[in-house]
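Reader: I would like to learn how to read a model of this kind, one feature at a time. Could you take me through it, giving the general idea before the particular case?

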Amino acid sequence: MVLELRRGTLVMLVLSQLREPAYGYALVKTLADHGIPIEANTLYPLMRRLESQGLLTSEWDNGGSKPRKYYRTTDEGLRVLREVEDQWHVLCGGVNALLRAGEEADGPAGVEPHEQAANAKKAGNGEGKERNDGTR
């Protein structure tokens, strides 16, 4: 499941990290440094696909000790990135809200809901007692 989750975010991460030109190995290292390990044999086909879709551009640099192919996000790639980021934030907000609601419904780990109610009464939280405003 973790692999599927990561796979779904890789396009967004690649587009975001290639706003400035970088070569493949540098991108592999950057992602790994941030807890997102990726194999080069996964990354390079993804970058070639994004390039064929017009979201990345590449350029060879022959000036160093060995030639390197640098990739950079295109204007269209930046537009797509903005859209994906917007959807990402909406999705994360919804997921986080649902996860919090699930945690609240579960209560403390290992304690059944009926035990929670009994423990609350023992703690004297006033459950079931009338408050000054006439409500319970």
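Predicted model: local features only at pLDDT ≥ 70, side-chain atom pairs only at ≥ 80, totals over all residues.

Reader: Where is leucine 56 found, and which residues does it touch?

Author: Leucine 56 is found in strand β2. Leaving aside residues up to four places away in sequence, leucine 56 touches Val14, Leu15, Leu18, Met47, Leu50, Glu51, Tyr71, Arg72, Thr73 and Thr74. As for distance in sequence and in space, leucine 56 and arginine 19 are 37 residues apart along the chain, while their C-alpha atoms are 9.4 Å apart. For the chain in general, 45% of the contacts between residues at least 6 apart in sequence join residues at least 24 apart.

Reader: How should I read the sheet, and in what order do its strands lie?

Author: Strands of a sheet pair through backbone hydrogen bonds, and the pairing is either parallel or antiparallel. Here three strands form an open sheet in the order β1-β3-β2, and the pairing is antiparallel. β1 (22-23) and β2 (56-61) stand at the edges with a single partner strand each, so one side of each has no neighbour in the sheet.

Reader: How many bridges join β1 to β3, and how many join β2 to β3?

Author: Two bridges join β1 to β3 (residues 68-73), whereas β2 and β3 are joined by six. Tyrosine 70 in β3 shows both pairings, being the bridge partner of tyrosine 23 and also of glutamate 59. Between β2 and β3 there is a hairpin, which joins the two strands through six residues.

Reader: What is the angle between helices α1 and α3, and which residues meet there?

Author: Two packed helices are described by the angle between their axes and by the distance between those axes. Helix α1 (residues 2-17) and helix α3 (residues 40-52) pack at about 75 degrees, with their axes 11 Å apart, and α1 and α3 are therefore roughly perpendicular to each other. At this contact, Leu10, Val11, Val14 and Leu15 of α1 meet Leu43, Leu46, Met47, Arg49 and Leu50 of α3. Sorted by class, the contact holds eight nonpolar residues, one charged residue and no polar ones. Two of the α1 residues named there, Val14 and Leu15, are also among those that leucine 56 touches.

Notes:
Residues numbered from 1 in each chain as written. Heavy atoms only, no water. Pairing = 2+ DSSP bridges. Helix = DSSP H or I, 4+ residues; strand = E, 2+ residues; numbered from the N terminus. Axes fitted to C-alpha atoms, helices over the stretch in contact; angles between N-to-C directions. Parallel < 35°, antiparallel > 145°, perpendicular 65-115°, else oblique. Contact = heavy atoms within 4.5 Å. Nonpolar A, V, L, I, M, F, W, Y, C, P; charged D, E, K, R; others polar.
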